[in-house]
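Welcome, and thanks for taking a look at this one. Please keep the sequence and the 3D view side by side as you read the notes below.

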Amino acid sequence: MKKVNNIFGEGIIYDEKDLEGKIYTTSAACMSVWSDFLSWANRYSDRMVSDPKDADSIVVLGCQVTDLAVLNDLQVAEKLHELTGKNIYVGGCLAQRMDILLPDYCRRLDVVRVIGQELDKMDLVHYEKPFWVPNFEETKETLAPGNLFRNDYPLKIGAGCHGKCKYCTIRHTRGDAYTTIPQDQIEEFLNHENVVLISDSPTADQIKGWCQIAHLYQKDISIRNVEPQNLNLCAEELLALSEEGLLKIVHCPVQSFDPEVLRIMNRNVPETEKAVELMKKLRQNGTLIATNIIIDYVNDGILYPNYDKEKLETEFDYYSWNPYFDGNWDQEKAKVRFKKYIG
C-alpha cells in the first residue's frame, strides 16, 4: 500500500503484496489487462480460486475507456461485494483514475504482472462477458460479436503506449511501459495454438521480428491493437506473411475515417489512410481485418458525423465501437448513456 499522486489526483493504491490468502479475480477490462494479471496468477496458481465465496481477496480488473465501461466495472464489483460481503480490490486502468470516486468497499490495486510468464492455465482469471454485446454467448466463432481473440492465446509482448491521442489516457493508466524481444518468446509461441500478440501498442520492430519467426516456423499468428503508423512500417513483412497464409488476423484501430476528426484526435491522417489501404491488400490475401471506431465524437461542443457503416462492413471483417467519453465521470449520466447505447 502506498500513496500516489498522478495526473488524475492523489490516493492510496495497493499492490500484490497486500492481497491476502486465496484470491478470486475477474476481468471486465481488455485482453492486455486480463493477460497481465493472468501472468501473475499462473506464477502463483496455488493461490487462485474459481469461486469468489472461497476467496480471502477479490479482484475486479476494470476499464475506463468510456463511462459505460466504468459503470460496468462498478456493477461487477458491487455484485461481488453483495455476494461475499468482502472488500473489492479494483485493478486495471480504473485503479489509476483517482478522479473517479469508488465505493467505500473498493481498494485500488496497482498493475499486477509477471513479465515473461507463460500462461499454462487460462482459467485462473475469469473473463467477464463483453457488456456491449446484448445476449452474448460463448462461442468458438472468431467473428461473432464480442469474440474477436477471446479464445486465442494471448502472447504478452509489452504494455503501455507513448502516443498522445487526445481522447486516450492509456499512457497514464497502464503502469511501467515495457516491450519484450521476440526471440525470447519463441518457445512460448510454439507451445500454443491461435497465438495473438498482446500489447497496448506493439512496436514496428516487434512486428517485424514476429513475422520472421512465424515464417521460419511456418506457424500462423495474429496481431492486436497495432497503430496505423507501425502497421505501415511493417508493410513488406506483413504482406509477405499474409501471402503465405500465416497472418491470421490483424487488428488496427483507425478510430475515424474523417480527416478533420483524426486531426482533432491528434492522430496522423496520412498514416491512417495508408494503413486502411494496406489492410485492403492483406485482406485480399486472406487475412481477417479488424478495427475500432469512436462514435459520436465531440470537440468544442461540435458533434462530428459518425462513421460510414457501409465502408466498415465492406472493408473490414470485424469492427467494434466506443461512444466518445470526455473523461468526466458522472454516474447518473453514465446510466442514461448506457441505456441509450446498450439498452
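Please bear in mind that the model is predicted.

**The open sheet**

- Which strands form the open sheet, and in what order? There are 5 of them, arranged as S6-S5-S4-S3-S7, and their pairing is parallel.
- The edges of this sheet are strand S6 (106–108) and S7, each of which pairs on one side only.
- Strands in a sheet are held in pairs by backbone hydrogen bonds, and the pairing can be parallel or antiparallel.
- S3 pairs with S4 (residues 57–62) in the parallel sense, over 5 bridges. To find this pairing in the view, look for Tyr24, which stands opposite Ile58 in S4.
- S3 also runs parallel to strand S7 (residues 126–127), and 2 bridges join them. Here Ser27 stands opposite Tyr127 in S7.

**A closer look at strand S3**

- Is S3 enclosed by the rest of the structure or open to the outside, and why? It is largely enclosed, because 5 of the 5 residues of S3 (residues 23–27) are buried; the cut-off for buried is under 20% relative accessible area.
- Side chains in a regular strand alternate between the two faces of the sheet.
- In S3, Ile23, Thr25 and Ser27 point one way, while Tyr24 and Thr26 point the other way. All of these residues are buried.

**Two cavities**

- How many cavities of 30 Å³ or more are there? The count comes to 2.
- The largest cavity has a volume of about 90 Å³. Its lining is made up of 14 residues, and those nearest its centre are Ser39, Val114, Gly116, Gln117 and Lys156.
- H1 and strand S8 (153–156) are the elements that give two or more residues to the lining of the largest cavity. H1 gives the most, with 3 residues.
- By class, the lining of the largest cavity divides into 5 nonpolar, 5 polar and 4 charged residues.
- The second largest cavity holds about 70 Å³ of space. Among the residues that line it are Val33, Asp36, Phe37, Leu61, Gly91, Gly92 and Arg174.
- H1 and S5 each supply at least two residues of the lining of the second largest cavity, and H1 gives the most, with 3 residues.
- The lining of the second largest cavity has 6 nonpolar, 2 polar and 3 charged residues.

**The second largest pocket**

- This pocket has a volume of about 320 Å³.
- It is lined by 16 residues, of which Pro145, Tyr318, Tyr319, Ser320 and Trp321 lie nearest its centre.
- Which elements each supply at least two residues of this lining? They are helix H10 (309–315) and strand S17 (318–323). S17 gives the most, with 4 residues.
- The lining of the second largest pocket counts 12 nonpolar residues, along with 2 polar and 2 charged ones.

- In helix H7 (residues 235–243), the buried residues are Leu238, Leu241 and Ser242.
- These residues lie on the same side of H7, because they cover an arc of only 100° around the axis.
- On the other side of H7, you will find Glu236 and Glu243 exposed.

**A residue in a loop**

- Where does Glu141 lie? It is found in the loop between S7 and S8.
- Glu141 is partly exposed, as its relative accessible area is 46%; this falls between the cut-offs for buried, under 20%, and exposed, over 50%.
- Glu141 and Asn151 are 10 residues apart along the chain, and their C-alpha atoms are separated by 9.0 Å.

Technical notes. Residues numbered from 1 in each chain as written. Predicted model: local features only at pLDDT ≥ 70, side-chain atom pairs only at ≥ 80, totals over all residues. Heavy atoms only, no water. Buried < 20%, exposed > 50% of the residue type's maximum accessible area, 1.4 Å probe, protein only. Pairing = 2+ DSSP bridges. 1 Å grid on protein atoms, 1.4 Å probe; cavity = no way out; pocket = protein on both sides within 12 Å on 5 of 7 lines; lining within 4 Å. Points joined across faces, edges and corners; volume = space filled by probe spheres on them. Nonpolar A, V, L, I, M, F, W, Y, C, P; charged D, E, K, R; others polar. Arc of directions from axis to C-beta.
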